[in-house]
Amino acid sequence: PAVELPVYRKIRLKIPQPTLDDPADDWGRLTRATRGETGIERLSVSLNVLRDLPRVLRDAGWDVSVALAEKDTWQGVEIAGVEPFPSGRKYYGLAVDIGTTTVAAELVDLETGRTGGARGSFNRQSVYGDDVISRIIHAEENPGGLEELQKAILETVNDLIKDLAGGLGIGQADIRAAVCAGNTAMTHLFLGIDPAYIRLEPYTPAANNIPAVQAGQAGLHIHPQAWVRFIPGTASYIGGDITAGVLATGMSEADTLTLFIDIGTNGEMVLGNNEWLISCACSAGPAFEGGGLRYGMRAMDGAIENVRITAGGSTVQYSTIGGGAPLGICGTGLIDCVAWLYRSGVIDRGGSFAPHTPSPRVRDAGGGKEFVLAWSGEAGGGSDISISEAEIKYILRSKAAVYAGIRSMLQMVGLPFEAIERVFIAGGFGRYINIREAINIGLLPDIPVQKYAYIGNSSLKGARLSLLSKSARDAAEKIAGKITYLELSAGNTFMEEFVSALFIPHTDLELFPTAARR
Amino acid sequence: MALTGLEIFKQLPKTNCKDCGQATCLAFAMALATGKTSLEQCPHVSDAAREVLDSASAPPVALVKIGVGEKQVALGNETVLFRHDKRFENPCAIAVSVSDMLSEIEVYDRVAAINGLVFDRVGQLHGVNMVAVVNSSEDADRFALVVQTVAAVSELPLALLSDDPSAIEKALAIVSAKKPLVGPANLANYEAMTALAKLYETPLLVRGSDLNELASLVEKVAALGWKQLILDSGARSVGKVLADQTQIRRQALKRFRPFGYPTIAFATNVDSMQAVLDAGIYISKYAGIVVVDSVNRADILSLITLRLNIYTDPQKPIAVESKVYEILAPGPDSPVYITTNFSLTYFCVAGDIEASRVPGYLLPVDTDGVSVLTGWAAGKFTAEKITEMLNSCGIADRVSHRKLVLPGGVAVISGRLEELSGWEVMVGPSESAGIPAFIKQRWGA
C-alpha cells in the first residue's frame with residue numbers, strides 16, 4: 001500500500017546551530033526547520049519534548065529525527081518526539097472499526113503501510129442492549145450507565161490491542177496513532193459523550209466531527225500521548241463508519257454513479273459520485289447479521305451459508321462455514337433460505353406458509369408454523385435448526401427496508417435504477433452475499449449482477465487508509481461534509497415503498513424482470 | 001418542466017457552506033425542487049445560474065393575490081394535477097355572490113350572513129373568503145353604491161363583477177385600496193378593463209366564450225402589460241366546466257403561458273343541492289375561486305370541509321386518529337390493547353384482535369404515525385405518553401378492570417408504565433399474530 005504522509009511519521013532534520021548572529025531559541029529553530037522541510041504551518045509541541053529539547057539537540061549534534069503527529073485539520077501537527085538521528089524504533093498505527101455488534105482492529109506499520117495483523121470480537125456493550133437505541137437509553141436511564149458502556153467498549157478494544165501487539169512482539173507504547181471509525185452513537189459512547197439527543201427529534205448528535213484526543217485521556221492502551229482520531233460523520237444515523245466506507249470505495253472520486261450499501265442493523269446507504277452524495281439509514285435491523293432470530297448467527301464456523309431446498313420442501317442441502325455440523329444460520333444462508341422456501345412452494349409471496357405442504361419439515365410450533373432446516377441429529381447444538389413464519393416475515397421487513405431505502409434515495413434525486421453503474425455491498429453476512437438470490441427475494445434492485453461487488457468491512461479499510469495517507473484524511477472530511485442526509489421519516493415516500501416491498505420479490509413484479517419466477 | 005433537485009444542483013456553487021440553512025448544496029437543491037425554500041437563501045449563486053433557475057423554477061401557475069391585509073386571498077402556484085403527486089398549494093377561495101338588485105337592507109343582511117360563515121374544523125377557524133358583487137342591475141351608479149355598502153360591512157376581499165367598464169370604474173374609485181378582483185374583461189371591453197386594472201393595480205378576471213378565445217384574449221391582455229389575471233372559459237354546465245378546468249391546468253403545467261393563471265368557476269345552480277355538488281367538483285378540480293349563491297350554513301360547511309381535506313398536505317405520515325377503537329363490540333370486561341397510531345401497525349393489531357374472536361379495545365397512542373419500535377427508539381412511545389392517553393381517552397370509564405396489554409417489543413417500559421399509570425401491565429407477544437394464543441391463555445386466567 002502506498003504510504004503518503006501517515007498520521008505519525010519521523011523526518012530527519014539538520015538544524016543550524018545557534019550563533020551570536022543567530023541566537024534564536026531552540027523551539028524556534030526546531031519549528032523553523034520543520035516548517036522549511038514540510039511546509040506545515042501549525043506546529044505544537046508536547047511538554048515532555050520541550051523539557052528535554054536543549055540537551056537532546058546538543059547531544060545529537062543538531063542532527064535529529066523529529067516525530068510528527070498529526071492531530072486533525074484544525075489542531076495541526078504536534079512535534080511528539082525529538083531523538084538523535086538515526087532513530088531505531090519502529091512505530092505502528094491502529095485502525096479500529098467500532099461496530100454496534102462487532103469490533104475489528106488492525107495494526108499497521110506506519111513506515112511501510114504493511115498490516116501487522118487484524119482481530120475482531122464482539123462489542124461487550126451488547127450486554128446493555130443489542131442495538132444503539134437500547135444502549136442510548138441505558139446511558140440515559142441508569143446512573144453510571146454511560147460509564148458502563150464506555151468501559152465495555154474500551155475493554156473490548158484494549159483487549160484487541162493487547163492481542164495484536166503481543167502477536168507482533170511489540171510494546172503497546174510503540175503504537176503511536178489511532179484512527180477510529182464508528183457510527184455516531186458508538187463514537188459518543190466510546191468517548192463518554194452524552195448520546196441522549198441522537199435518538200430524539202430532530203436527531204442531533206453532540207458532534208459529527210470530533211477533535212482528536214490523546215489516548216491517555218480516552219483510556220486507550222497505546223502510547224498515552226498518541227493522538228486518537230475519529231473519522232467524521234454526517235448525521236445521527238450516518239456516522240464515521242459510513243464516511244470510511246465511502247472513502248474505501250473511492251466512489252467520491254469517480255464519475256461513475258455508485259451505490260454503497262451497508263446491510264447492517266442501521267442499514268446505511270450512500271448514492272453518488274464525485275459531484276454529489278446522498279445518504280439515508282433504513283433501519284433494516286440485525287437480521288442479516290443473525291440478530292433477532294432463534295438460530296441466527298454471525299458468519300463464523302458452523303454457520304449455514306448455502307441452502308438448496310427441493311420442490312415441496314422435502315429435502316434440504318446446505319453447507320456451513322468451516323464444513324462442520326451446523327450451529328445456526330448466517331446472513332447469506334438466510335437469503336438463500338427465503339429464496340428457496342418461496343421457489344419450492346413452502347411459503348407464498350407474503351412469507352406465509354402454504355396451507356398444505358406435504359413436507360415433513362413443516363410443522364406447527366406453538367405460535368405458528370416453522371420449517372426445519374437441519375434435524376437435531378445432524379446439528380452441532382443438539383436441537384433442530386428451524387425458521388418460523390414470524391422470522392420469515394421479520395426477514396422480509398428487513399429486506400423491504402433496504403429496498404425501500406434505495407428507491408427513496410433514487411426518487412429524491414429523480415434517477416432510475418438504470419443510472420446506477422456500480423453497487424458496493426458491505427455488511428456482516430457470510431463471506432460473500434449471493435447477489436442473484438438477494439435480487440430474487442427483492443433485497444437488491446434487479447440490475448445486472450456484474451454491477452455488484454461485495455467489499456467486506458469497508459469501515460476498517462477506510463480507517464486504515466486514513467492512518468496512512470493525508471489525502472485520504474482530507475477526502476474523508478470532504479465526504480462527511482458533502483453527504484446530504486435524507487430523513488426517511490419525513491414524508492410518505494419511504495413508507496409507501498416499504499409496504500410495496502414486503503413481498504417476494506415486490507408488489508410490482510415489473511421492477512424484477514429477471515427475478516426467478518416460481 | 002420543473003427542474004429536478006439534481007438539475008438545480010448543477011447550477012449551484014457547490015460550496016456546501018450552509019449559509020442557506022441547509023446542510024449541503026444538494027439538500028438546498030432538493031428543497032428548492034419541492035418549493036420548500038427560495039433561491040434568495042443562497043448568497044453565492046452566480047447571476048448566470050440565477051437566470052437559468054429563475055426561469056426554470058417559475059411556477060407554471062402564477063401567484064395572484066386578491067385583497068389586502070389579513071384576509072388577503074392568494075391563489076395559484078400550483079404544480080400538479082393530482083394532490084398525491086406533491087400537494088395542492090393554495091386552497092381555493094369560496095366567494096358568495098351579492099346582487100346589486102337587492103335593497104340596501106337586504107345587502108346589509110346578506111353580507112352580515114356571509115361574514116358569519118366561519119366554522120371550527122379540527123381546532124381551526126375556516127370560512128368563506130370573498131364577496132362577489134354582481135352588477136345584475138346593469139346600472140353603474142347602483143353597482144357602485146352596493147359595492148360601497150358591502151365594503152363598509154365586510155373585511156373580506158371583493159370581486160366586482162360587471163362587463164361594463166364604467167361600472168367597474170365607479171366602484172374602483174371607492175374601493176380600489178382593497179385591491180378587489182374586477183371584470184370580466186371580454187373581447188369587446190378588454191382594452192378599457194385592462195387599463196382600469198393597470199391603473200388601480202388590481203387583479204383582472206378574463207372571460208372567453210371558449211378555451212380558444214380565452215387563450216387569445218389572455219395574450220392580448222398580457223401584451224397590454226397586465227399579468228395579474230384570473231381565468232374564466234365561459235363554461236357554465238358542470239361537465240363543460242370540469243373539462244375546461246382540466247384543460248387549463250394541464251396546459252399550464254406544460255408551460256402553455258396563456259393558461260398559467262388561477263381560474264374562477266360559478267356554482268350557481270338554482271337547486272341548492274346541485275349547486276353544492278357542482279362546487280364540490282370545482283374544489284376538487286383546480287378552481288382558484290368558486291362562486292356560490294348560498295348563505296346557508298349547511299351548504300357552506302360541506303364545501304369548507306371538502307376544501308380543507310383536498311388541500312391537506314398528503315406528505316405526512318400515514319396515521320390513524322389516536323382514540324379508543326372498539327373491536328367486535330367489547331364490554332366492560334374486555335381486554336385493552338396499547339399500540340401506536342402508525343396505520344400499518346394499527347391494522348395489523350386490529351386484524352389479529354379480530355382473529356382472536358375476543359372483543360377488545362385498541363388504543364393507538366399518537367406517535368406521529370411511526371411504528372412501535374420506531375416510536376420507542378425516537379422517544380415517541382413512552383410510559384408517559386401511554387399514561388397520558390389512558391387518562392385522557394376515557395377508557396377508564398368503559399372498562400371495569402385496570403389491565404392493559406403492551407406490545408412485547410417494548411416490554412422494557414412495563415415497569416415504569418405500571419408505576420405511572422396505576423394500571424396492571426400485561427406484556428403481550430412481540431408479534432400481533434401471537435395475540436389470539438396469548439389472550440386465550442392469559443386473559444381471565
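The paragraphs below lead through the salt bridges, the cysteines and an annotated site of this predicted model. Because the model is predicted, local features need pLDDT of at least 70 and side-chain atom pairs count only at pLDDT 80 or more, whereas totals for chains, interfaces and linings use all residues. Residues are numbered from 1 along each chain as its sequence is written, chains are lettered from A and ligands numbered from 1 in the order in which they are written, and side-chain values use heavy atoms, with hydrogens and water left out.

Over all chains the structure holds 34 salt bridges, a salt bridge being a side-chain nitrogen of Lys or Arg within 4 Å of a carboxyl oxygen of Asp or Glu. One of them joins A:R12 to A:D63, with the closest N and O atoms 2.8 Å apart. Since A:R12 lies in strand β1 (residues 8–14) of chain A and A:D63 in strand β3 (residues 63–72) of chain A, the pair ties together parts that are 51 residues apart in sequence; helices (H or I, at least four residues) and strands (E, at least two) are DSSP runs, numbered from the N terminus. A:R12 is partly exposed at 40% relative accessibility, while A:D63 is buried at 15%, where buried means under 20% relative accessible area, exposed over 50%, and partly exposed in between (1.4 Å probe, protein chains only).

With 35% relative accessibility A:E155 is partly exposed, and with 54% A:K151 counts as exposed.

In a further salt bridge of chain A, A:R294 meets A:E391, and the closest N and O atoms are 3.1 Å apart. This pair links distant parts of the chain, 97 residues apart, since A:R294 is in the loop between β13 (277–281) and β14 (303–309) of chain A and A:E391 is in helix α9 (residues 389–413) of chain A. A:R294 is partly exposed at 45% relative accessibility, whereas A:E391 is buried at 8%. Through shared partners, salt bridges join A:R294, A:R363, A:E370, A:D384 and A:E391 into one network.

Turning to the cysteines, a disulfide is counted for a pair of cysteine sulfur atoms within 2.5 Å, and by this rule there are zero disulfides over all chains. The sulfur of A:C337, for instance, is 11 Å from the closest cysteine sulfur, in A:C330, which is too far for a bond. A:C337 is buried, at 0% relative accessibility, and B:C92 is likewise buried, with a relative accessible area of 0%.

In chain B, an unreviewed UniProt entry places the feature "binding site" at positions including B:T345 and B:S432; UniProt positions are given in the numbering used here, feature names are shortened, and annotations may be inferred rather than shown by experiment. B:T345 is found in helix α12 (residues 343–355) of chain B and is buried at 13% relative accessibility. Leaving aside neighbours within four places in sequence, B:T345 is in contact (heavy atoms within 4.5 Å) with B:T339, B:T340, B:S371 and B:V372. B:S432, by contrast, sits in the loop between β17 (424–427) and α16 (435–442) of chain B, and B:S432 is buried, with a relative accessible area of 17%. Not counting residues up to four places away in sequence, B:S432 touches B:C348, B:V349 and B:D352.
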